[in-house]
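Have the sequence open next to the 3D view as you read.

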Amino acid sequence: MSLEISNTEKKPTWLLHSTAGACSGGFTRLICQPFDVLKIRFQLQVEPLSRNSNISKYKSIHQSIRLIYKEEGFKALWKGLLPGQFLSTTYGLTQFLVFQKTLALLSITEKELNQTSSVHFLCGVTSATAATLVSYPFDVVRTRLVAQKSNQVYANMRSVAISMFRMEGVSAYYRGFFPTIMQNALQGGFLFMFYNTFSKFSSTNTSTNTSM
C-alpha cells in the first residue's frame, strides 16, 4: 500500500516542478522588469554613464527612472513585459521540465546515478539548452521593444514579431543565439551541479551533527 502511494506521489513531480518554475519566472519578471529596461537602455547608450557627463542622457539609476517616467510615462518602465513574461515562463517551465525528465531517464539505468554532480551538470546543460531554444524569440522581441525610447517604432509585441518576419525573416528571431546558448547552457549545468553538491554536503553535515 505504501509503495503504491509512493509511486503515485512521484508521477506528478515533473509537472509540479515545471509549473513552479514557470510561475516563479513570471513573478520574478514582473517585479524586476524596470531594471531590465534600464539595463538595455544603459547598454545601448554610447555616452558614458556618469553624473558628470553633459552629453549623456542616462547618468544613474535614479536619474534614468525619473527621466523615463517624465518622457514616456510610468508604463515605460515595464516596456517589453509581455514578451518578457513569455520569455521567463517558457524558459522556467522548459528548464525544469527537461531537467526532471532527463534526470529520471538517466536514473533508470543506475539507481544512484541521479546523486552524482556530473549527471546534474549534464541535465542542467540539456535543460538550459532546450529552454533557450524555446524562449529565445521572446528575448529578441523584448529587447527591441525595450530599446524604443520616446520615438515609438513598434506598437506592441505582435507588431515587432510581424515586422521582423517580413523585413528580416525567421532568422531574425534567433540573432545572437549561439553566444547566449553557450552562456545559458554552462550556467544551467553549473547551477544544478553546485546545487546538488552543496545540498549533499549540507545534508551530510546536518546528519552528522544530529547524530552527535
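1. Start with the largest nonpolar core, which has twelve residues: Tyr-136, Val-140, Val-141, Leu-145, Tyr-154, Met-157, Val-160, Met-164, Ala-172, Tyr-173, Phe-177 and Ile-181. Helices α5 (117-147), α6 (157-168) and α7 (177-211) each put at least two residues into this core, and α5 gives the most, with four. Bear in mind that this is a predicted model.

2. Pick out Leu-145, one of the core residues. Leaving aside residues up to four places away in sequence, Leu-145 touches Lys-79, Gly-80, Pro-83, Tyr-154, Asn-156, Met-157 and Val-160.

3. Now over to helix α3, residues 61-72.

4. Which residues of α3 are buried? They are Gln-63, Ser-64, Leu-67, Ile-68 and Glu-72. Looking down the axis of α3, you'll see these buried residues fall within an arc of 130°, so they line one face of the helix. Turned away from that buried side is a face with the exposed residues His-62, Tyr-69 and Lys-70.

5. Ser-60 caps the N-terminal end, with a side-chain oxygen 3.2 Å from the backbone nitrogen of Gln-63. After the helix comes Gly-73, and its phi is positive, near 95°.

Key. Residues numbered from 1 in each chain as written. Predicted model: local features only at pLDDT ≥ 70, side-chain atom pairs only at ≥ 80, totals over all residues. Heavy atoms only, no water. Expected span 1.5 Å × (residues − 1). Buried < 20%, exposed > 50% of the residue type's maximum accessible area, 1.4 Å probe, protein only. Arc of directions from axis to C-beta. Polar contact = N/O pair within 3.5 Å; in protein donor to acceptor, adjacent residues only side chain to side chain. Core = buried A, V, L, I, M, F, W, Y, C linked by side-chain atoms within 4.5 Å. Contact = heavy atoms within 4.5 Å.
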